[in-house]
Amino acid sequence: MTFHDMDEALDWLGRPVDCAGCRFADRKADGRCQPLKACVHDRYAKRVQRFFQWNEDLAVEHLDHPYFEVRAIAVRHAPLFHVPRLMDDLDETVRASVARRLPRRLLLKMRGDPDREVRISVASRLEEGDLAPMMRDPDYSVRLRVARRVPEGMLPAMMRDEDAEVRLEVARRIGLEWLASMAWDDSQRVRLHVAQRLCPDKLAAMVNDSDWCVRYVVASRIADEYLDPLTDDPVDEVREIARRRRAGLVLQDDVP
C-alpha cells in the first residue's frame, strides 16, 4: 500500500468506496463512520479497526467477510461466544486474532496450528504445564516464546534445544543448580552468559574455554583459589585481568 492509496477510499478489491450505496450510511450522520478515517469497506486495516471500535454491534455480522483483515479485526470486537467458529479460518491472521481471545480449554486445541505466528500467539497465553508440548515445536521462534514463559523448573528440558537463541534464553532463566550443565554449550553467547551467572566457585570448569571473551569473564569473576591458570592465558586481556586480580588491583566495578 502506497501513501497515495492512503489518500483514497478503496475497498479490498481496489474499487472506490461508495458511501451513497452503503447500508451503514445512516451511521455517517452521527459520526460512527467517516470516509478515509473509519470504514468497514476500506482496505486500510486501521480504518476498519476504527470502524469496529465505533460500531462493535456490527462485528458479528462481519465474521464471514471475504476480506481477511475485516474478519481478523471483527474477531477482536465480537462477543466471545462467536469467536470459536473462526478457529479453523483459512487465513492465519484471523486465527491469530482468535487465539488472542479464546478461553484456555479451546486455546489448547490450537497448539498444533500450521502457522507459526498463530502458535506464537497461543504460546503467549498458555501457562505452565499447558506449554510443555510446545517445547518441541518445529519452529524456533515458538520455542523461544515458550522458553520465556515456562516455569523455571521446566527449563532443564530445553537446555539442549537445537537453536542457540532458545538455549540463550534458557541460560538467562534456568536455576543455578542446572546452569553449570550449559558451560560446554556450542554457542559462545550461551557460554558467555553462563560465565556471567555462575557462582564464582563453579567457574573452574570454564578456565580453558575456547573463546577468550568467555575466559575474560571467568578471569574477572572466578574464586581466587582457581585463578592461577588464567594468569598465564595466551590472550593479553585475559592474562592482565587475572594478574591484576591476583595482585588485588581489581575493583568490583571492573568486574563484568
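Which residues does V194 touch, not counting residues up to four places away in sequence? In this predicted model, the partners of V194 are A171, L179, M182, A183 and M206. V194 also belongs to the largest nonpolar core, which has 71 residues. Within that core, the residues with the most contacts are F52, V194, M206, V218 and L230. Helix α4, spanning residues 68–77, gives the most to this core, with five residues. As background, nonpolar side chains tend to be buried together in soluble globular proteins.

Helix α5 covers residues 92–99. Six of its eight residues are buried, so the helix is largely enclosed by the rest of the structure. The buried set consists of V94, R95, A96, S97, V98 and A99. These buried residues pack against α4, α6 (104–107) and α7. The N-terminal end of α5 is capped by D91. Here, a side-chain oxygen of D91 lies 2.8 Å from the backbone nitrogen of T93.

T93 itself is found in helix α5. Its relative accessible area is 33%, so T93 is partly exposed; the limits for that class are 20% and 50%. Leaving out residues up to four places away in sequence, T93 touches F68 and A72. T93 and S141 are 48 residues apart in sequence. In space, the C-alpha atoms of T93 and S141 are 17 Å apart.

D211 lies in the loop between α11 (188–197) and α12 (212–221). D211 is buried, yet has no salt bridge. The nearest side chain of opposite charge belongs to R191, 5.2 Å away. A polar atom of the D211 side chain lies 2.9 Å from the backbone nitrogen of C213.

The next loop contains T231, between α12 and α13 (236–246). With 14% relative accessibility, T231 counts as buried, because the threshold is under 20%. Leaving aside neighbours within four places in sequence, T231 is in contact with R239, A242 and R243.

Backbone geometry was also examined. Most residues other than glycine have a negative phi. Which value does phi of L36 take, positive or negative? Phi of L36 is positive, near 70 degrees. L36 sits in the loop between α2 (26–29) and α3 (45–54). L36 is partly exposed, with a relative accessible area of 40%.

E128, likewise not a glycine, has a positive phi of about 40 degrees. E128 is placed in the loop between α7 (116–123) and α8 (140–149). Its relative accessibility is 52%, so E128 counts as exposed, the cut-off being over 50%.

Conventions
Residues numbered from 1 in each chain as written. Predicted model: local features only at pLDDT ≥ 70, side-chain atom pairs only at ≥ 80, totals over all residues. Heavy atoms only, no water. Helix = DSSP H or I, 4+ residues; strand = E, 2+ residues; numbered from the N terminus. Buried < 20%, exposed > 50% of the residue type's maximum accessible area, 1.4 Å probe, protein only. Core = buried A, V, L, I, M, F, W, Y, C linked by side-chain atoms within 4.5 Å. Contact = heavy atoms within 4.5 Å. Polar contact = N/O pair within 3.5 Å; in protein donor to acceptor, adjacent residues only side chain to side chain. Lys, Arg positive; Asp, Glu negative; His and termini not counted. Salt bridge = Lys/Arg side-chain N within 4 Å of Asp/Glu carboxyl O.
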